[in-house]
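Here is a short report for a first look at this structure. Keep the model in view while reading.

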Amino acid sequence: MSEIERIEGRIRPEKSAADDPGPKPEREEDAGFLWEFWYPAARSSVIQGRRLAAAMLLEVPLVLGRTDEGKAFAMRDSCPHRGIPLSYGRFDGKNLECSYHGWKFAGCSGQCVEIPSLTSQDKLKVERIFAGHYPCEEHDGYIWVYMNSRGRVAAGDSTATRLPETIPPVPRLATFGAKYKSTHLECDLPSHVDQGIIGLMDPAHGPFVHQSWFWRSQKSIHEKAKQFEPIPYGFRMSPHSPSTNSAPYQLLKRMTGAPVTTTIDFVLPNMRTEEIRSGKLWFSSLTTVTPVRRDLCRIDFLAGWNVPLPITIFRLFAKTFLRQDQETMIQQAEGLRHHTRLMLIDDADRPAKWYFALKANLLEARRTGGAMVHPMEGSVTLHWRS
């Protein structure tokens, strides 16, 4: 039993899925990943011109590229002929040629268009062969890939070329005006995506992990009460006034003379959004914990704002936060190597419990074909000190 399974086994979620949900797709059961969702594979800048880039999501190797018409694509980084990574191949702006035997595949469909070794006597239908292929969209400076477990994953199998009938829209950063500054940051965490996610939503670590002259200290700890409400596939910290012990929020209030409100959402599989408003000024962020391998995930952070704050200053502060989180997760990974028993408490760890329950209930709904049961019956107020 993995450490993640051990954690989930200690949680009795409200309205959770059955204890024995039956067989699951092998990859979901083994690695604890959620399929049929969009994930950011890489920054858009990695595929300039006809350059290919290798990436990995949910332990699936990918090759990314962009056609001469500007359409980004994502294929499984493995030729269906002999398995050599296609990222070693050549791309002409439309088709990707394998470096081993010259098989060519259309970038936007994965369909084989040429096998140079065939002769006039061969009856192999080239067009029926597909390299692994995944839906792909590019926006907000990311290459987003829809990781579909039933997508194009096999060669010569027509049933494997079927995409889902409906694909949800790609997540987008919320913006409140045409003119704004934005920036991207990322960092790797040596842990399973579950640990990265519950760390992302943890409300009590701030005064200990993020001690800074411009933010908080242990001396500023006080009791808080926040209201949470259920939303589809997640939960929301209802609009509220941010902490009085955070200097940036107080500065924003003095700049506008208007109240400051913040709203924070978590939505499966891995996304946290935050919106801060004060008069005409606003700040918005979209943070995802991207599963790379079962022992590695990546925080992808995108922020936009019209607050009069230079990008260089914001990046300096944001990098400090990410570095502090990264150092903490590295230290935690050291402890988890020894199979330490873990526990979650109320109320500070209730969001983590909701996450595990949401995940379990989604997988149960997919298994049975029924509706997903939300672990929250309605709004609830949580109390903690931070």
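## Terms and source

Two strands pair if DSSP finds at least two bridges between them. Helices (H or I, at least four residues) and strands (E, at least two) are DSSP runs, numbered from the N terminus.

The model is predicted: local features need pLDDT of at least 70, side-chain atom pairs count only at pLDDT 80 or more, and totals for chains, interfaces and linings use all residues. Residues are numbered from 1 along each chain as its sequence is written, and side-chain values use heavy atoms, with hydrogens and water left out.

Strand β4 covers residues 72-76. Of its 5 residues, 4 are buried (under 20% relative accessible area; exposed is over 50%, partly exposed in between; 1.4 Å probe, protein chains only).

Strand β3 (residues 60-66) runs antiparallel to β4, joined by 5 bridges. Val 63 has Met 75 of β4 as its bridge partner. The hairpin of β3 and β4 has 5 residues between the strands, and Gly 70 there takes a positive phi near 95°.

β4 also pairs with strand β9 (residues 133-134), antiparallel, over 2 bridges. Ala 74 is bridged to Tyr 134 in β9.

Most residues other than glycine have a negative phi, and most peptide bonds are trans. Glu 36 has a positive phi near 65°. It sits in the loop between α2 (26-31) and β1 (37-43). Glu 36 is buried, at 10% relative accessibility.

Tyr 233 has a positive phi of about 60°. Its loop lies between β13 (223-231) and β14 (234-240). Tyr 233 is partly exposed, at 40%.

The peptide bond from Leu 268 to Pro 269 is cis, with omega near 10°.
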